[in-house]
Amino acid sequence: MATMAAPEEDRSDEDRIIEVLIIEGQNRQYEDTDFMPVKPSLYLSEKHVPDYDIDVPYIVWCRPSQIYENPSYFTAMIPQVPYCAAMGSLPDQVFLGVLMAVSSYQRQDLVSNIFASRPEDFNTYGVYTCRFYVEGSWVDVITDTSIPCLRDQNTGAFTHAYGFSPNDGEMWISLAEKAYAKAVGCYESLQKVKVREVLMHLNGGRMQQMRM
């Protein structure tokens, strides 16, 4: 018996992207043409590399499977392995700090609410969706899973250029950072965001419920 398609109103934009990838049958992952792996996605000016990346030879955009053997959204599922974040060359400590504050809120799982995708889609199809609360409603930001990385000249291994989780294989920090970078224009813009606005965008306006 054939599986009935979901009603049109129940299908998300990410669902439509995945359907196209399946129909094309080219065994490729999604490529976000609105936020491509090029300098304008990294920097405010293509002609000016900011000081924090001035000594970086070049940025390589990698899929999660190129960075880790078994990438997943979250690996911090046991008490002794807490959510944590590490900063790369990009000074986006405000964004990462608020992300950690949101992840530590015990009354509600605010982190999972940010991700609006099925857990397997980012590995299988190279696409994911983050939601941010903007002007009274949740806004979906859909992008691909290519992440700015550095390549070790000796081993050839890829490591995160910017924010990441120290937990092996865990991708949610880097993916949330990329989606937010797309929302604000580029990665460089992340160093200029304010605590209040990021907190509002990430927790749905429930700022009064959290104690920073």
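**Close-up views of the predicted model**

**View 1. Leucine 150 and its bridge partner.** Leucine 150 has threonine 159 as its bridge partner in strand S5. The model shown here, as in every view below, is predicted.

**View 2. Strands S4 and S5.** S4 covers residues 147-151. Three bridges link S4 to S5. The two strands run antiparallel.

**View 3. The open sheet.** Three strands build this sheet, in the order S1-S4-S5. The sheet is open, and its pairing is antiparallel. Which strands stand at the edges? They are S1, residues 60-62, and S5, residues 158-160. Each has a single partner strand, so one side of each lacks a neighbour in the sheet. On average, neighbouring strands of this sheet are turned by 55° against each other, direction ignored.

View 4. The chain holds eight helices and five strands. Along the sequence the pattern reads α-α-β-α-α-α-α-β-β-β-β-α-α. S1, at residues 60-62, is one of the strands in the open sheet with S4 and S5.

**View 5. Burial and surface of the chain.** The chain has 212 residues, and 45% of them are buried.

**View 6. Contacts across the sequence.** What share of contacts between residues at least 6 apart in sequence joins residues at least 24 apart? In this chain the share is 68%.

Methods
Residues numbered from 1 in each chain as written. Predicted model: local features only at pLDDT ≥ 70, side-chain atom pairs only at ≥ 80, totals over all residues. Heavy atoms only, no water. Pairing = 2+ DSSP bridges. Helix = DSSP H or I, 4+ residues; strand = E, 2+ residues; numbered from the N terminus. Axes fitted to C-alpha atoms, helices over the stretch in contact; angles between N-to-C directions. Buried < 20%, exposed > 50% of the residue type's maximum accessible area, 1.4 Å probe, protein only. Contact = heavy atoms within 4.5 Å.
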